Structures are given as C-alpha cells and as structure tokens.
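The tour below moves from one selection to the next.

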Amino acid sequence: FYSYRLNGTDMGGRKPLSKPTLKELHPEWLIRAPWEAYGNPGYWNFTFPEVREYKIRILREVAENYDYDGFEIDFSRGPISLPIGRQWENRDHMTEFMRLLRHMTQEIAAKRGRPFLVAARVPENLTGCHFDGLDVETWAREQLVDMFALGNRSFDVDVQSFRSITAGTEIRLYPCVDDH
C-alpha cells in the first residue's frame, strides 16, 4: 500500500530560484491553523474543487506508475482539511473527494485487471471522524473504502461503532497505533 498523508504541512525547503509552489500561487485554497509554526504555508482546504482535483491527479500518477495494491489515505496525521470549526457542515466536500478517489481507483483496477484498494486512516471513534468532517457512515454505505484503519495515537478504539456502520459490507477494520 502507498500511504499518503492527505494534508501535510509542506514545511519550507524551497530553493530561492525554484518556481513558486501551488500554495504560493493559490493562498485562497489554504486553511491557516492557529498553531502554525516552522514556516508552514497552510493546509489544503478541500472545500475547493481545485484542491480535490489536484490531490486526485497526484494519486492517479502514483497509481498509474507504480504497482501498489492500493492507497491508505491518512486523515489522522494531518486532520485539518476543512475550515476549522465548520468541518462537519463541509463534510460533503471530503465525501466528494472520496468518490473521485474511488472512481479513479476503479478505473486503474479495470486497466490492470485486478483490484486497487482504498483504505482510510481515520480517528478512533465516530465523534472524532465527525469533528474532522469525515462522514465515514456515507463512505461505508457507498463502499468508497475497502478498509478503515482506526486510530492514530490511542489504544481506545471504538471498533463496535465501526462494525455497526460496515455491517453487511466487505469493508475491513484495522485498529492501529501510530507511535512515532
């Protein structure tokens, strides 16, 4: 699996003579976190269709050029993807991203003749998912994922709630601890 942190900080590192980054060209597509440090230019705001399409283009390039079994989209290590304080009201934008991702991975699977799986690393409980604007119930109902990787830095994972939303599907659950 290719593990992709959906919304990393992209801190620094640009050489003086290099081209401006997409974040520099489109600061309106960014969310500024109150704890910003280390020259962080901001986090991608998935309410913008251009941001969703940009991320899909990146993932398509990886899927078309490397022989992975699937993607693990990491929503837990960089949870800010929607405007702070309004994540749940903007959840449809993240669900639209997941629909685009599923459609793209199904195209890749058809071309190569075998599945291209989608896993989502999400918070350890439904409340945490909702707080981050992740409508995992819809993702399960529409089967936009093949796996949920549950939790990040907690041993207290609400497996039962995730079992209830994935009942009757082939979606697998993987509780985990990401202790770095």
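This is a predicted model: local features need pLDDT of at least 70, side-chain atom pairs count only at pLDDT 80 or more; totals for chains, interfaces and linings use all residues.

Residues are numbered from 1 along each chain as its sequence is written, and side-chain values use heavy atoms, with hydrogens and water left out.

A salt bridge here is a side-chain nitrogen of Lys or Arg within 4 Å of a carboxyl oxygen of Asp or Glu, and by this rule the count comes to 14.

Select R112 and D67 to begin, whose side chains form a salt bridge at 3.6 Å, N to O. R112 lies in helix α3 (residues 91-112) and D67 in the loop between α2 (49-65) and β4 (70-74), so the pair ties together parts that are 45 residues apart in sequence; helices (H or I, at least four residues) and strands (E, at least two) are DSSP runs, numbered from the N terminus.

R114 belongs to the loop between α3 and β5 (117-122), so its pairing with D67, in the loop between α2 and β4, ties together parts 47 residues apart in sequence. D67 is exposed, with a relative accessible area of 62%, whereas R112 at 25% and R114 at 30% are partly exposed (buried means under 20% relative accessible area, exposed over 50%, partly exposed in between, with a 1.4 Å probe and protein chains only).

Next, select R102 and D146, which are joined by a salt bridge of 2.8 Å, N to O. R102 is in helix α3 and D146 in the loop between α5 (136-141) and β6 (147-150), 44 residues apart, and both residues are buried.

Finally, select R60, E64, E107 and K111, which are linked in a network of salt bridges.
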